[in-house]
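This briefing goes with the sequence and structure shown below. Please keep both in view while reading the points that come after.

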Amino acid sequence: MPALQTNSSKSPAAGTFDVVVVGAGFAGMYMLHRLRGSGLSVRVYEQGGDVGGTWYWNRYPGARCDVESMQYSYSFSDELQQEWDWSERYAPQPEILKYANHVADRFDLRTDIQLNTRVDRAVFDESASRWSVTTSDGNTVTAQFVILATGCLSNARMPDIKGLADFKGKVYHTGHWPHQPVDFTGLRVGVIGTGSSGIQSVPVIAEQASHLTVFQRTANFSIPARNAALTPEEREEFRSNYPEIRRFAREEARNGIYTDMPDRGALDDGDNERRARYESRWTRGGLTFMSVYNDLALDRAANDTAADFVREKIAEIVKDHEIAKLLQPNSHPIGTKRICIDSDYFAAFNRPNVTLVDIKADPIEEILPNGVRAGGKDYEVDALVLATGFDAMTGSVAKIELCGRDGQTLNQKWAEGPRTYLGLMSAGFPNLFLITGPGSPSVLSNMIVSIEQHVDWIADCIGYMRERDLDAMEAGKDAEDSWVAHVNEVAHGTLYPQANSWYMGANIPGKPQIFMPYIGGVGVYRQICNDVAAKGYEGFTMTATERPKMAASS
Ligand SMILES: Cc1cc2nc3c(=O)[nH]c(=O)nc-3n(C[C@H](O)[C@H](O)[C@H](O)COP(=O)(O)OP(=O)(O)OC[C@H]3O[C@@H](n4cnc5c(N)ncnc54)[C@H](O)[C@@H]3O)c2cc1C
C-alpha cells in the first residue's frame, strides 16, 4: 500500500483518495484548501446543496453570528481578510453564506466537493490502513484518512411532542429553514424554544406575525448585540491591526476573541465600581460582557453579581412585572449555558401581539391541528417555529456508522459519552480525525479560531507522516484516558456543570451527561497541541505498513 499518492489530486485512481473530508462548512472548506496545498487527493462530501454548513442551513429570520464578523472570519489568508467587506458588526446569515461561497470560488474548492451526498458509513481496513467510505449515492471510495468536519451544531433536534405530525399549518425548524423567504404576515405564529435561535428570531417574527406566542422552558441570559453598520474606518482599524488581533485571539484569549483581559475578580470592586463596569459592557454589547471579570465562570458569588445585573436590566426593559419575572433566568449561573446576544429580544415582550407561555410550569401537553395545548390551555397558531436546537457536538458524528479496529463502532465506544485524545482522535479509530471534536474548546470559543487551529494541526500531522512514510496514526488509550480525566477535572473546577446545558448533552433525552468541550481556553489548548506535536506526536502511535518491493517501472 503506498503511503500517500503524491500530487494525485489531479489524477487519483478512481475511488481512491488520500483523504475524505465529511462536511463543507468552514472546517471542511479550509481542510480541503490546506490538504490540496500539500498535494494530496481529497474528496469532500457534503449532504447539503451547497457549501457553508451552519450558514447554509440556519436561514431563520434574525440569524446572524454573535462573534463580531471582523473576528468571526478566516485568518489563513491575509488577502482574503483584507479584501472582504463585512457590512455590519454581526453579519446576517445571507452575508456569511455569501462569504463561504466566495471562499469556495476564490480558492477553487468546488471541484473536490461533492454536494448532496451524505457519508453513511466508514469502515477501517486494518490490513491496508485505509478507510472504506460509503455514501448516500451508493458509492464506496477508499481513503487513507477520514476527517470529520461534520459540525458541532449541525444535527437539528426535532422535539418529540404528541400531535406534532398532525399539525395543519407549516412547521419550521430554525436549523433547517427553507430557502425561499417565509412570510409570517397576518399569521399567528408559535415559537418553541428560547435558546440563541429563538432569541434571535422572536423580535423579527413579532414584527410580521399578527400574533406570536413564545413557549419558554428555560429563561436564558442575553446581552444586547448593539449591532450596527461597520464604517470603513472601523474595518480599516481591524485590518491594519489584524496580525496582533489574530495572534491574541489564537494564543492568549480563552475564547478566541480579541478583547481586553480582565485583571480582577468581581468581588475585588465595590458595588458602584462593579456596576459601572457592567453598565459599560452592557452598553458596548456582545459576548465580551462575560470577560469583564476573571472569576465569573469560577466563583458563584462573583457570578451572581453579573447575573443580578442582567436580571435587573430585564426588569427595566420589560414593562409587565410578571412577564419580566418569567424572563429572568434563575436556573443556572450566567454564562454556563451559551450566553445569547440579541437585538431587542426582551423589548419584544412589550408588544401587544406577543405572549409568553411558561412551559416549565405548564408543559406542552400536545400539538393540536391548529394550536398548542399547554397547562390545560389552548393557544391557536397557524405556523410553528421549532427553535429547539441541536444534538450538539456528537449528533452528526453518531449518525455515521464508523467501524474502527475489531469492528467496534464509535457509537458503541461512546455509549457512555464521547472519549477522545485532545478532541482530535479516538483510540481504536486510526487515521480518523475530528475537527472541533468533544474534548477540544470548540463551542466555547470563536469557532473559526478553533477550526483553523485543528485544520493546521491535522494538515501538519499528515505532512509529518508523509515525510516519514508512516501509514497509520492512532490515539493511545492511556493518553486518551488522561485527557478525558483532565477535561472533566477542568470543567468541574468551574460553574459550567451546574447548568443543564447542551454542553452537557442535557437537551437530548437519554444522552449521557458529560461536559463535552474543553474549558481550559484556546491559548492553553493550542500550546498543549503544539507541545504534543513537537514531541513527535506524544500519546499517539504512528506505524508504517510492511510493503512488498515495487518493480522499478510501477
Ligand atoms: C445559528 C448559529 C449561529 C452561530 N453563530 C456562531 C458565532 O457567532 N460564532 C461562532 O464561533 N460560532 C457560531 N456558531 C457555531 C457554528 O456552527 C460554527 O461557527 C461553524 O460554522 C462550524 O463550522 P463547521 O464547518 O465545523 O460545521 P458546520 O458549519 O456545521 O458544517 C458541517 C457540515 O457537515 C455536513 N455534514 C454533517 N454530517 C454529514 C455527513 N454524514 N455527510 C455529509 N455531510 C455531513 C453538514 O451538512 C454541514 O453542512 C453558530 C451556530 C449556529 C447554529
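The model is predicted. Around the ligand there are 33 residues. Two packed helices are described by the angle between their axes and the distance between the axes.

**Ligand site**

- Among the 33 residues that surround the ligand, the closest are Glu 46, Thr 54, Asp 66, Tyr 72 and Met 447.
- Tyr 72 places an N or O atom of its side chain 2.5 Å from an oxygen atom of the ligand.
- Asp 66 has a backbone N or O atom 2.6 Å from an oxygen atom of the ligand.
- A polar backbone atom of Phe 26 is 3.1 Å from an oxygen atom of the ligand.

**Helices H1 and H14**

- Helix H1 spans residues 26-37 and helix H14 spans residues 447-467; their axes are 9 Å apart and the packing angle is about 30°.
- The crossing of H1 with H14 is right-handed.
- H1 contributes Phe 26, Ala 27, Tyr 30, Met 31, Arg 34 and Leu 35 to the contact, while the H14 side includes Ile 448, Ile 451, Glu 452, Val 455 and Asp 456.
- Sorted by class, the contact of H1 with H14 holds 11 nonpolar and 4 charged residues, with no polar ones.
- Phe 26 belongs to the H1 side of this contact, and a polar backbone atom of Phe 26 is also 3.1 Å from a ligand oxygen atom.

**Helices H7 and H16**

- The axes of helix H7 (residues 242-251) and helix H16 (residues 522-534) are 6 Å apart, at an angle of about 75°.
- H7 is therefore roughly perpendicular to H16.
- In this pair, Ala 249, Arg 250 and Glu 251 of H7 meet Val 522, Gly 523 and Arg 526 of H16.
- The residues in the contact of H7 with H16 are 2 nonpolar, 1 polar and 3 charged.

**Helices H8 and H9**

- Helix H8 (residues 271-284) and helix H9 (residues 300-317) have axes that come within 11 Å and cross at roughly 60°.
- The two helices, H8 and H9, are therefore oblique to each other.
- H8 and H9 cross in a right-handed sense.
- On the H8 side the contact uses Arg 274, Arg 275, Tyr 278, Glu 279 and Trp 282; the residues they meet in H9 include Ala 302, Thr 305, Phe 309 and Lys 313.
- The contact of H8 with H9 comprises 7 nonpolar, 1 polar and 6 charged residues.

Key. Residues are numbered from 1 along each chain as its sequence is written. This is a predicted model: local features need pLDDT of at least 70, side-chain atom pairs count only at pLDDT 80 or more; totals for chains, interfaces and linings use all residues. Side-chain values use heavy atoms; hydrogens and water are left out. Axes are lines fitted to C-alpha atoms, for helices over the stretch in contact, and angles run from 0 to 180 degrees between N-to-C directions. Helices (H or I, at least four residues) and strands (E, at least two) are DSSP runs, numbered from the N terminus. Angles under 35 degrees count as roughly parallel, over 145 as roughly antiparallel, 65 to 115 as roughly perpendicular and the rest as oblique. A crossing is left-handed if the near helix is turned anticlockwise from the far one by less than a right angle, and right-handed if clockwise. Contact means heavy atoms within 4.5 Å. Ala, Val, Leu, Ile, Met, Phe, Trp, Tyr, Cys and Pro count as nonpolar, Asp, Glu, Lys and Arg as charged, and the others, Gly among them, as polar. A residue is near a molecule or strand if one of its heavy atoms lies within 4 Å of it. A polar contact is a pair of N or O atoms within 3.5 Å; within protein, one must be able to donate a hydrogen and the other to accept it, and residues adjacent in sequence count only if both atoms are side-chain atoms.
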